[in-house]
Amino acid sequence: VFTQVKAILAGDIAGAQNVNVEGGMDFGRVLTVTSGVSGGAVAVNVSLGATHFGGSVETAIAGNAWLRDVSENINVKTSGKTNVVTAAGTIAGGAGAVNAGVAIATNITEVHTYIGQGVVVDAPAANINLSTTFEANAIASIIAIMGGAIAEGASVAISVNRLSAQTYIGTTPQGTAQSGAASSEKGRIAASAVCVESDVQGTSSVYGASIAGGVVAVNGVVALAFNRAAGIAAVNQANLDAASLSVLAQMAGDVIVRTVAAAGGGIAVGATVAVAEQKTDNRALIDASDSRLSISGNITVSAGTKEAPYNSDATVTSITGAAGGVAVAMNFAVATNEAGNGALVQGVSGMLNAHNLIIEAQGNAHAYAVVGNAAAGAIAANVSFAYANLISKQEAMLSGSAALVLTGSLTVYARQNQDEVTGSLLLDYQGSGVDKKVAKTTMAEAYIFSASGAAISGTVNTAIARANA
């Protein structure tokens, strides 16, 4: 599915009580389901399901538009939701059973909500409200069952989610400038209260289950989830005179992988590779380079708040079991989370007048990897690797050569992981009383629960957790 939405005001308005420009996109569920069943002396089954969504929204007052004598509100708003879901199921049974399933879900969404750099707004009594409220998710699920004298199964599930949402006055803060945002000749904006707000959510999830049984049973699951989310609220190189200015960026971004694989037979091999990888960027920005910024009241720049902090989690839970005369269980789980949350005021020169100036960055970031591994047989081998890596940056910064003249106070504040996180990693029931020993309590955690039962057994376990914040 490919779609594009545009709501753009590019002309002049000589007078109005309110001006409203609104854009929306709602694809609550783009769904692909595929299944395959095969049987016979030799049963071979391949099932492939793939879903792709690509969408963009542009909501703007653009170009050299001129708005004057607006008495109450100027609203530029974007809202929407895009969910991509792929599910694949396979069943194979026979003397020789070979089963392969692939599920792929990709969601790529881009949002721009702005008042362009060349726009003139002469409405000192009016409030300006720019806002983006958007959610984008990608989910891939796979179930595979096979049985036979020789049973071999391979399941692959991949989820990719990429959401970019920018809400701004001036020119585009990141990437290629929108044609209606950049201007060789800057306009000017005169208004009362100016609010620029971004509230975005993005999740990439993979769920996989695979079962194999036979004299020889080999079962493999590969689950990969990737999440990229960027939410920016900004006043970027625009001439602005206002009574007050608020720039707020809020985000919740998660990547989740859950897998279960089981193999049973005379020779049983179960293997799982699970990877959850995430990179999020939440930013509240004022960049006054080559422009004029004059605010008579309060200036507030917030990347998350105490009441609604930025959140970014990467979680992998992988369980593998093998039982047989010779049983081998292998499990590799990797969770990486690169989280960025920043409130920045930069490029200011000359003199900056305001009452209070508040710059705050408040957020939570975590990475969790949990492995459950069990092998039972006359000969049993168990190999587990769990790796959780967190790179997190919470930043509140004021830079530039401006002389600050404040009649109130200056506050620059950054805090990371202000609240202890509770809940079960194995079942992921937030706040439940189940499985307290794997509660989400620290920034990065790697757990391995391993069991081998056999006359001859070998176990190799490695658990690594890193937090660089």
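Is tyrosine 168 buried or exposed? Tyrosine 168 is buried, with a relative accessible area of 0%; buried means under 20%, exposed over 50%, and partly exposed in between (1.4 Å probe, protein chains only).

## Basis

This is a predicted model, in which local features need pLDDT of at least 70, side-chain atom pairs count only at pLDDT 80 or more, and totals for chains, interfaces and linings use all residues. Residues are numbered from 1 along each chain as its sequence is written, and side-chain values use heavy atoms, without hydrogens and water.

## Aromatic pairs

The structure holds three aromatic pairs. Rings of Phe, Tyr and Trp (its six-membered ring) pair if their centres lie within 6.5 Å; planes under 30 degrees apart are stacked, over 60 edge-to-face, and the rest tilted.

One of the pairs joins phenylalanine 27 and phenylalanine 53 and is tilted, at 5.1 Å centre to centre with 55° between the planes. Phenylalanine 27 is partly exposed at 28% relative accessibility, whereas phenylalanine 53 is buried at 0%. Tyrosine 114 and tyrosine 168 form a stacked pair, with 5.2 Å between centres and 10° between planes. Tyrosine 114 is also buried, at 0%.

## Nonpolar cores

A nonpolar core is a set of buried Ala, Val, Leu, Ile, Met, Phe, Trp, Tyr and Cys residues joined through side-chain atoms within 4.5 Å. The largest has 48 residues, of which Ile61 and Leu245 touch the most other members. A second, separate core of 41 residues includes Met25, Ala105, Val206 and Ala314.

Beyond its neighbours within four places in sequence, leucine 245 has contacts (heavy atoms within 4.5 Å) that include Val194, Ile286 and Thr300.
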